[in-house]
Amino acid sequence: MKHLWNCFCRELGLIKESPRYLILLTAGILFSYVFFLTFMHEGQPENLPIAVVDQDGSYLSRRLCHEIDATQGVDVVAVYNSHSEAREAMQRQEIFAFLEIPAGTYSEVLDFKTPHLALYSNNAYLLAGTLSYKTLSTIGKLTSAAVQREVMRKKGYSEDQIMGMIQPIEIDAHLISNPWGSYLPYVLTTMLPGIIGVMALLLTVYLVTNEYKLKTEKIWLSTAGDNMLNALIGKLLPYTCWFTLIGIIGNMVMFGFSHFVCLGSFFALSVALLLFVMAMQAMGVFLAGLIPDQHLAVSVAAIYGMLSFSMSGFSYPVVSMPPALQAISYVFPLRHYYLTYADVAMFGATFTQYWSHLCWLLCFMMAGCIGGLLLNRWAKSNSDDAAIEC
Amino acid sequence: MKNFWHNITSGLKDIYDVFTLELYRIFTDGGVMLIFFVGSLLYPLIFGAIYKHECIRNLPVAVVDDSQSAPSQRFIHELDATPEVNVNYNCNTLSEAETLMRQRKVNGIVYFPNDYSDRLAKGETARLCLFCDMSSFLYYRSVFTGASSVMLDEMKHIELERYAMAGVTGQDAETAITPVPYEDVKLFSPAGGFTSFLVPALLALVIHQTLFLGIGILSGTAREEGQTVAIVPERLRNRSVYRVVIGRSLAYLMIYIPLVAIDLVLLPRVFGLPHIGRLDDLCLFFLPFLLATIAFSMTVGSFVRQRDTGIIVCIFFSVVLLFLSGVVWPRSNMPLFWKYFSYLFPSTHGIQGFIRINSLGAHLKQVQFEYQMLWVQSGLYFLITCLLYRVKFFKYEDRAVCI
C-alpha cells in the first residue's frame, strides 16, 4: 500500500513538472462538450430549407405553399418554375426536398379528377432528407383530407362522421425517454464519454511507453517496490480520478442542465463511467505491453480508439453488422458503457438487469494484467541488457 | 536571361531535392507508413464491413392485443409482413411486453386498446399505441416507418368499407378517399440507407485525416529529433522558402493521388455506394482538396512540437470534423459561429463537394463555392506555411532547422 502511495505521489510530481499533456487533453474534452452541446442545441433540425415547383399558379397551389411554410419542420425558401431548376438547387444543397404541383391541379380537383402531386426528397443526407420528407408527406395527406372534408360537408355529413371517414386509425406514439425525438441524447450521451475514454487510452499508452523510452522504468518500479501491479495502479490512478470526474460533471451537465432523461440511478451511471475509464486504461496497458515501440503503440491505440465509436453501436445498431463484427464489438469498452447507459437511463433498469455489462467492463482488467506481465518482462530484459553492457 | 534560366533550373533542382528527401523520410518512418498506407486503406474496408447492410430489417417488436378482434389481428399480420419489423412476441398484458422491452428483447411495442374494433365498427377514429425504443435513431425510424405504412394501408381499407356502406364504390370511392394523391421520389439513395449516407463522407474524411495525421507525425518527429538532424539541406538556407514547401507538397501529392483513386473512386463502386458523378469533375475537384489538405496539415504541423501531440489533436478532431462537414447535421441549421469555424478546415468543403459530385451527380458548377474555397484555402495555407518556415529559418540561423 505504501509503495502504491509512493508511486501515486511520484506521478503527481511528474504531472506538476510537465502538465502540458493533461492540460491539452482536458482542454480538448471541454471543447468537445461545449462544441456538441451548442452545435446541435435545436435537438431536432427545424425550418429545413425546401422548395415548391409551382406549375399550377392557382389559388390552391399558393395556399399549399403558405401552409407548408407555416409548419415548424420546413421553410419554403424558393418557388421554382421547373423541375430541373429545383433539382439543381438540391445539388447545390440549397434545399433538401421539393414539392411539385403540376399545371391544372386546381381545375382537376374541381372536376373531381385526380391530379398527382410529386414529392422529391434528398436521401443522401439522412437526417435532413428524412425530416423534410416527413413534413411534406404530412402536408400531402392533409391536402387530400382537406378536399375530402369539403366534399363531405357539402354532402351533409356531420363533423364526427367526417373525422371517422378521413382518419379511421390514429397512432399514439410514445417515444420512451426521448419524447421530443431530439437528436442530442442519441449522439452525446455515448459519444462524449467515448471521447474521454479514447483520451484516457492514448494517454495511458503514451505514459507507460514513455517510462521505457526515457529508461526510467527501473526508478518507476523501485518506487513501487518492484511490483508491476502497484506501479501501474499508482501511475494511472491520478488520471482515472481526473477523467472520471470530468465525465461525471459532463453527465451532470447533460442530465441536469440539458434535461436529458435519466430514469435510473445517476450513481449507477457514474460507476459505469468509472469502470469504462478503467477499462480503456487497461486496454492501454495491454497495447503498451504488446508493442514496445512508443510511436507504433500510440498509432495502434489511435486506430483502436477511433473504431470504438462505430463499434459501440449507438449510431448504427450492432445487430445489423456482419456476425464476425458483432463478436468483435465485445472488445470495445464503449459498447458496454453504451448498453449500461441505455438500460439505466432510458429504461430505468435495476442492478439485476445491467450487472452483466459492468462485469464485461471488469473483464478488461484481465487485459490490463496481461499487459502488466508483458511490461514486467520488458523491464527485466532491459535491465539484463544493461547488465551485459556493463 | 541566363540568370533567369539559372534561377529556374536551380529552383527545380532544389524542389527535387526536398521532394526526394521527404519521400525518404516518409518511407523510413514505420508510423507514417502505417497511417498513410495501412490506415487509409484499412479504415474504408472496416467501415465498409461495419455499415454493410443499408437498413435495419426485421426488428423484433411485441404486440399486446386487448381488443382481440379481426381488424387488430389483420393489422398485426400486416405489421409482421413489413420488411422493417417482425412481430416476435404476442403478450397478454402491457406489463409483460414492458418486461421484454426492458430485457431488450424487443425494440417496440404495439398496443391495441379494447375499444379498437368497437370504434372502427361505429365509424369513429380508433387509436392504437406505439412505444419506441429510443436508444438508437435507427430503431425509432424502423419501428415508426413499419407501423405507419401498415396504418396507411389499413386506413385505406377501412375508408373503402365505409364509403361502400354509404353507397360509394369503385373508382368513385378511390377518388373520394385520395382526391389529391402524391407520389414520393427519394432521390440519390432510393433505399434511404445509412450506408450510402455515411460511408462516402467517412471515405473523404479518412483521406483528410490520414494525410493530416501523417504530416503532423513527420513534423513532430523532426522536432523531437531536431537537435541533431538537419532536415533542410544546408545550401537551401538562404534561398526562397517556397522551394521547400513545394517540394514537400509534391511528395505527399504523389503518394495520395493513387490512394484517392482507390478510396474515393474505386471503393464506392466496389461497395455499391452511389457513384453517379462524372470522373472528370471528380478528378478536377480532388486536386484542390488534396492541395488544401496538404497545405493545411503543414501549417498545423509547424506548431506540433511532439509526435504524439499530433496524433491526439487529429483523433480529437476527427469526430468534430465529421459533424462540421454538415453531413450529419444540416448546414442550414448550424449556429453561425460554428459554420464560419468550419470554413477553416479543408474537410468541410472536401466532404461536401465529394458527396455532391459523387452521390448527387452535381457538376463542378454546382459545387463552385466549395471548389473556390478549397483553392483559396490552398493558397492561404501555402502562404502561411512559407511564412512560418521563413520565421524559423531566420530564428535558427546558425542551427539545424526542422520543419
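Start where the two chains touch. Select the contact in this predicted model: chain A puts in 87 residues, and chain B puts in 87 residues. Now keep the side of chain B that touches chain A. Color its elements one by one: α2 (30–50), β4 (126–132), α6 (137–165), α7 (170–177), β5 (182–187), α8 (194–224), α11 (307–324) and α13 (346–358) each supply at least two residues. Which element gives the most to this side? Pick α6(B), with 13 residues. Next, color that side of chain B by residue class. You get 53 nonpolar, 20 polar and 14 charged residues.

Stay with chain B and go to β4(B). Zoom in on A:Ile171. Opposite it stands B:Leu128, in β4(B).

Move on to chain A and select helix α6, residues 126–155. The helix has 30 residues. Draw a line from its first C-alpha to its last: the reach is 43 Å, close to the 44 Å expected at 1.5 Å a residue.

Last, color by confidence. Chain B averages a pLDDT of 85, and 94% of its residues score at least 70. For the complex, the predictor gives an ipTM of 0.86 and a pTM of 0.89.

Definitions and conventions. Residues numbered from 1 in each chain as written. Chains lettered and ligands numbered in written order. Predicted model: local features only at pLDDT ≥ 70, side-chain atom pairs only at ≥ 80, totals over all residues. pLDDT = per-residue confidence, 0-100. Helix = DSSP H or I, 4+ residues; strand = E, 2+ residues; numbered from the N terminus. Expected span 1.5 Å × (residues − 1). Contact = placed C-beta atoms within 7 Å. Nonpolar A, V, L, I, M, F, W, Y, C, P; charged D, E, K, R; others polar. Pairing = 2+ DSSP bridges.
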